[in-house]
Amino acid sequence: MKTLLKPLLAIGVAIAAVAPIAAAPAAADTIKGIGVVSLPAVVANSNAFKTAEQQRGTTYKAQIDQAEARRKQIADQLNPLVTKFNADQKANPKNPALAQQAQTIQQINQSGQQELQQLLAPVALSRAYVTEQIEDKLDQAVKNAASKKGVSLILDPTQGAIIYADGAYNITQDVLNELNTLLPTAQLVPPQGWVPREVREQQAQQQAAQGQQQQQQPATTGR
């Protein structure tokens, strides 16, 4: 199940764009024991995720408004520079000043993007925190749905595991129902010092490596 969950973190904000879950049509002849589930769709359509998405705009309104205002300021700064660059390039493509103009535009844009990311860091951390809470319950939700549906094999088409599957095998809605039961809502604001699971795993690996290095160092004794 851990291998199924890994791609979810990589999806990030785009996970909210997953289409609503379609109901599986009834079929007379199906192979029992096989289920198809879209885990990204389950996460994005879960009550906990959707509620958090609605609440986040209120809880983090100050950060979002500040970032939006700063984004407009950066755009106002870049627009005349881009307009001049395009005009100068059209007038004389070999103008030696074009390189410096392009570099200035790129630097302002990159600096602005970094600033916006910093302003919206609490928002991104909140989304990661909510997603991780959902992932922690997703494994049990899949097991519960599989048990109730009598499924012993589950495939996830979003990971390229299958090419085609009859809609009757789709248990995405069943997993979603179980997830909503296990986790109706998620905590929106991360606790102080919280970092995403991947960061925690990296820190644990680093600490383990440091511990091994210390154990391998020969003990020295004074004479």
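**Figure 1. Helices α6 and α7 are oblique to each other, because their angle is about 125°**. In this predicted model, local features need pLDDT of at least 70, side-chain atom pairs count only at pLDDT 80 or more, and totals for chains, interfaces and linings use all residues. Residues are numbered from 1 along each chain as its sequence is written, and side-chain values use heavy atoms, with hydrogens and water left out. The axes of α6 and α7 are 8 Å apart; axes are lines fitted to C-alpha atoms, for helices over the stretch in contact, and angles run from 0 to 180 degrees between N-to-C directions. Angles under 35 degrees count as roughly parallel, over 145 as roughly antiparallel, 65 to 115 as roughly perpendicular and the rest as oblique. On the α6 side, the contact residues include I134, L138, A141 and A145; on the α7 side they include V175, L179 and L182. Contact means heavy atoms within 4.5 Å. The contact residues divide into eight nonpolar, two polar and five charged. Here Ala, Val, Leu, Ile, Met, Phe, Trp, Tyr, Cys and Pro count as nonpolar, Asp, Glu, Lys and Arg as charged, and the others, Gly among them, as polar.

**Figure 2. Helix α3 packs against helix α6**. α3 covers residues 47–59 and α6 covers residues 121–149; they pack at an angle of about 165°, with their axes 10 Å apart. That angle makes α3 roughly antiparallel to α6. The crossing of α3 with α6 is right-handed. A48, F49, A52, E53 and R56 of α3 meet V123, S126, R127, V130, T131 and I134 of α6. Six of these residues are nonpolar, two are polar and three are charged. T131 counts as buried, at 6% relative accessibility (buried means under 20% relative accessible area, exposed over 50%, partly exposed in between, with a 1.4 Å probe and protein chains only). The C-alpha atoms of T131 and A44 are separated by 9.1 Å, although these residues are 87 apart along the chain.

**Figure 3. Y129 and W194 form an aromatic pair**. A search of the whole structure finds one such pair. Rings of Phe, Tyr and Trp (its six-membered ring) pair if their centres lie within 6.5 Å; planes under 30 degrees apart count as stacked, over 60 as edge-to-face and the rest as tilted. Y129 and W194 are edge-to-face, at 4.9 Å centre to centre and 65° between the planes. Y129 lies in α6 and W194 in the loop between α7 (172–182) and α8 (197–216), so the pair ties together parts that are 65 residues apart in sequence. Both Y129 and W194 are buried.

**Figure 4. Helices α4 and α5 pack at an angle of about 170°**. Their axes are 10 Å apart, for α4 at residues 61–91 and α5 at residues 97–119. The two helices are therefore roughly antiparallel to each other. Residues of the α4 contact with α5 divide into 12 nonpolar, eight polar and five charged. A67 is in α4 and is buried, with a relative accessible area of 5%. Leaving aside neighbours within four places in sequence, A67 is in contact with L116, L119 and L120.

Technical notes: Helix = DSSP H or I, 4+ residues; strand = E, 2+ residues; numbered from the N terminus. Left-handed = near helix turned anticlockwise from the far one by under 90°.
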